[in-house]
Every structure is written in structure tokens, then in C-alpha cells.
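Here is a short briefing on a protein model. Look at the sequence and the structure first, then read the points below.

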Amino acid sequence: MKADENPKLATPCHDLRDWLALLEQHRELHVNHAPVDLRNDIAFVSQQVADRSGPAVLHNAITDYPAWRVFHDGMTTPTRMALALGRSLDDYPRHVFDVVADNRRVEPEIVDSAPFQELVMRGDIDLTALPIPTTSAFENPPYITAGISHVRTPDGRWQNIAIRRYQLQGPDRLSVLAMKVAQHEGQILGEWFARGEPAPVAIVIGADPLYYLCAQMPAPDGVAEYEYWGALTGQKLKMVRSRQFPQLLLPASAEIVIEGYYHPTERLLEGPFSEFPGFHSGLFYLPQLDVVSVSMRPDAIYQYMYMGREPTEGHNVDHLVYAANIYSQVRALVPEVADVAVLGTEGFTTVITIRKAQNRAGLVRQLAMATRGSRAGRLIKNLIVVDDDLDPRNMNDLIWALSVRFQGSRDLFVVEGLPGCFLDPSEQSTSGGVGQTSFTVFDLTEPLAPHNDGYTRGLAVPRQTEQAQAVLRSMGLAR
């Protein structure tokens with residue numbers, strides 16, 4: 001059965017092994033037995049897989065690391081994202097949207113032990129024993145790119161999880177980018193550092209696909225992202241207490257867990273990194289992470305995420321959860337919102353649909369201001385607004401609307417001088433902190449009545465018939 005043939009909630013994958021078996025069952029996994037090198041090979045394969053919508057890959061022959069396997073591109077395509085969620089291709093985005101908009105969350109089930117606790121290393125730690133691929137030509141040393149950080153506030157009230165990049169700075173040392181204002185982890189580290197205390201952290205590498213999806217949720221302050229897992233699956237997520245830091249809850253599904261402390265004052269020079277806008281980042285002094293233990297399954301699988309110019313697995317996961325949060329936050333202010341699609345670069349370009357029957361003078365501008373003022377929409381540079389008779393994920397629909405529903409002198413407006421993103425190379429300032437950006441709105445909705453003659457003639461589309469639908473169903477093309 002294909003992912004798009006099952007519209008109902010399926011049993012979730014409880015770990016990476018379940019996910020690999022499901023991918024193989026649906027012919028969405030390529031097991032590679034040819035040798036690959038950690039420098040360049042795996043990153044290039046991943047980049048090409050994403051660019052060509054290829055299968056997920058499990059490498060079984062890593063040069064100089066014969067005991068290891070490396071997995072990547074599990075959720076790079078919509079088909080595999082639908083498969084991970086147990087939904088149809090048409091249904092899976094709405095399922096995520098509804099869970100986030102309704103703030104549906106389920107607390108996890110705490111279990112006593114997990115497979116990753118079978119093998120524990122303390123003392124003489126050497127992270128170079130892990131098969132950490134390089135991602136770009138200028139990257140040296142490499143980065144852990146699919147590491148999910150777990151940190152908790154000093155008072156224990158709030159645990160945050162998020163995918164972070166960690167540069168290998170030594171056998172037992174890493175560095176991390178965590179922004180105090182824009183990211184929850186930065187806020188939590190700020191609380192620890194203000195007390196002059198090191199912040200405990202656990203980094204998970206390798207887990208079930210929905211744990212990775214939840215880790216990228218831009219959840220409200222005080223909300224643990226892993227609580228969305230139960231709402232998405234209809235089951236309780238199994239978590240275990242860290243034996244190094246009992247205040248931290250970790251997924252029982254983890255393959256590898258690295259634990260240590262963020263130092264409150266020590267900083268390390270980090271960079272360059274192949275960042276999400278598709279360019280190398282600069283050099284930054286970032287918090288030092290001292291590693292005190294590494295735990296893993298005896299036959300652990302290393303998980304990798306390519307990052308750079310999209311498409312990538314990371315972008316596709318982010319686009320789904322960012323769209324869900326924009327939908328939730330903006331719909332509360334503008335009820336006419338019907339759908340949201342993030343087209344590119346972590347929300348830099350986003351499409352929002354409004355209910356055509358409810359459009360009125362000034363609504364698009366009201367929507368634009370509400371969107372850019374929301375937490376979820378703060379990175380949007382280019383906002384495209386369309387009617388709900390179009391699919392915001394269909395480029396043919398968008399180009400058509402741009403061609404026949406848009407006049408630049410009437411339907412485009414720009415707001416200048418808004419806070420930007422320091423990783424955006426198009427901004428005037430990329431070295432002195434956050435620069436400034438412009439916010440451009442493209443109103444591709446059908447002009448309000450009275451229409452001119454072209455609109456009154458109506459759309460040129462054929463009439464739907466049951467016989468035609470039967471033919472399309474036989475071709476696997478029916479909606």
C-alpha cells in the first residue's frame with residue numbers, strides 16, 4: 001500500500017529500525033553497499049537524492065568506519081513524510097496543522113530503560129570514533145547535523161528539544177549556535193549562564209521520524225515539543241530519564257546520546273557552515289560544550305542531514321512545521337485564512353490562501369501585517385496571497401495567478417527596514433548581528449467586484465463527470 005492510499009492514522013514508527021523497515025516495505029529505501037567516504041561522498045549523494053526526489057539511503061560501507069552504518073533522507077519527499085505520519089498525501093499537512101492549531105499535546109510515558117543505555121562511555125571520550133560526515137567543501141572539522149538537543153530550565157519547569165548543528169572541536173568538545181532571542185534553547189541557556197552555571201545538555205542522534213519532526217516545531221514558550229508526538233500518532237511517546245542528568249527526558253528510540261555541559265563563559269571559534277539559505281555562514285564565537293558521556297545501542301546507526309541550498313530533508317521538515325505554526329497563529333487573528341505553504345528557505349517565501357467568498361477590501365494588507373507580526377512569520381520576506389480556489393503548493397497555480405490576477409502597480413506593496421536574519425546574504429548587514437530586510441507582499445487574489453470583462457467571462461475549465469473520475473482513479477490521479 002502506498003502512503004497516499006491510506007487516509008487514516010497508522011501505527012507510528014517507534015524507532016529508526018521501524019522506520020527503515022517501513023521505508024523498505026514501500027520501496028522508499030536504497031541500501032548502499034558500495035564504499036563511501038565521510039568527506040564529500042555522503043553529502044553529495046544526499047544533495048542529489050533531494051534534488052531528484054530519490055529514495056532514503058542507508059550506507060553500509062563507510063571508509064575507515066567498517067562497523068558503522070549511516071542513514072539519511074528519510075523525510076525528503078512528501079510521499080515519505082505522509083508515510084511517516086500514516087496519512088494520505090492530500091491529508092498529512094492538514095493533520096499537522098490541526099494538531100498545532102488546536103494545541104493538542106500528549107504527555108509521554110516514562111519507561112525505566114532504553115536500548116541506547118546498553119553501551120555507555122565515560123572518561124576517555126573520542127567523538128572522532130563516530131562517523132560524522134562533512135557537508136560542504138569548506139567545512140573542517142565536520143558538524144553533527146542531525147543532533148537533537150535536550151535542555152531544561154534551571155527550575156525544571158520547561159524542557160526544549162530542537163535540531164542543532166554541532167561542530168566537532170576536539171575529542172570531547174563541541175560548539176553550538178543557539179540564538180538567545182530567536183531560539184528557545186538560547187533563552188534557556190541564557191537562564192543558566194545568568195547564574196554563572198553550566199547548562200546540562202543531551203544530544204540525540206538517530207530516532208523515529210516524527211521525533212525529528214516534533215523537534216523542529218516552533219512551539220510556544222514553555223511547551224515541550226515532544227508532547228506533539230502523541231497528538232500526531234494517537235499513542236504515548238516512550239521516554240526515559242537520562243542517567244547522567246535525571247532532569248532530562250530522552251526518547252527511548254534514540255540510537256546515540258551525547259551528554260555534557262554548555263560552559264557559561266568559554267567560547268570557541270565556529271564555522272564556516274553550509275547554512276539553510278544555501279551559502280556558507282561566517283565565523284562566530286559560540287558556547288563550548290564539554291562532553292562527559294556517550295551512550296548508544298551496540299549496533300547504532302548514525303543519522304545525517306544534509307544542509308545547504310534547498311531542497312533538503314531539513315528544509316522539507318521545517319517547511320511543514322513552520323507552515324503549521326503560521327496557520328495556527330495567523331488564523332487566530334485573521335479567520336479568513338484557509339491554508340499556508342512555505343515555499344522556500346525556512347519561510348523566507350510563503351504562500352497563504354484566504355477564503356475567496358470572504359475576501360474584502362483591505363483584507364490582504366491586514367493579513368500581511370498580522371503574518372509578519374506573528375512569531376512564526378517573523379522571517380518571511382516574500383508573502384504571496386491567493387484565493388482558496390488554488391493550491392498554494394502547486395507552482396502551476398501560482399504562476400497562473402501571477403500571470404492573470406496580478407498587476408504590479410496595484411497588487412504589490414513593500415515594507416522596508418524590518419528586522420531580518422543575519423544568515424540572509426541579501427541583507428545589507430550580515431556581520432554585525434541581525435540586519436534589516438524588506439517585506440514584499442504579492443496579492444494574487446482575484447480583484448474584487450466589479451470585475452472587468454475578463455473576469456466576468458469565468459474560468460475556462462471542463463465539467464467534471466463520474467466517468468472521467470473513474471478513468472483518473474484507474475490512473476492513480478484522482479483527487
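The charged end of R365 sits over the ring of F413, at 4.1 Å from the ring centre. This comes from a predicted model.

**Charges over rings**
- Besides R365 over F413, the charged end of R372 sits over the ring of F439, 5.9 Å from its centre.

**Aromatic pairs**
- The count of aromatic pairs comes to three.
- One of them joins F245 and Y261 edge-to-face, with 5.0 Å from centre to centre and 75° between the planes.
- F245 is in the loop between β10 (238-241) and β11 (249-251), while Y261 is in strand β12 (residues 256-270), so this pair ties together parts 16 residues apart in sequence.
- F245 counts as buried because its relative accessibility is 4%, whereas Y261, at 31%, is partly exposed.
- The pair of F406 and F442 is tilted, because the ring centres are 6.0 Å apart and the planes stand at 40°.
- F406 lies in the loop between α10 (395-404) and α11 (408-411) and F442 in strand β19 (residues 436-443), so parts 36 residues apart in sequence are tied together.
- F406 is buried at 15% relative accessible area, and F442 is partly exposed at 22%.

**Helix α4**
- Seven of the ten residues of helix α4 (residues 92-101) are buried, so the helix is mostly covered.
- These buried residues are Y92, P93, H95, V96, F97, V99 and V100.
- Their cover includes α3 (78-85), α7 (227-233), α8 (313-331) and β15 (337-344).

Notes:
Residues are numbered from 1 along each chain as its sequence is written. This is a predicted model: local features need pLDDT of at least 70, side-chain atom pairs count only at pLDDT 80 or more; totals for chains, interfaces and linings use all residues. Side-chain values use heavy atoms; hydrogens and water are left out. Buried means under 20% relative accessible area, exposed over 50%, partly exposed in between (1.4 Å probe, protein chains only). Helices (H or I, at least four residues) and strands (E, at least two) are DSSP runs, numbered from the N terminus. Contact means heavy atoms within 4.5 Å. Rings of Phe, Tyr and Trp (its six-membered ring) pair if their centres lie within 6.5 Å; planes under 30 degrees apart count as stacked, over 60 as edge-to-face and the rest as tilted. A charge sits over a ring if NZ of Lys or CZ of Arg is within 6 Å of the ring centre and within 35 degrees of the ring normal.
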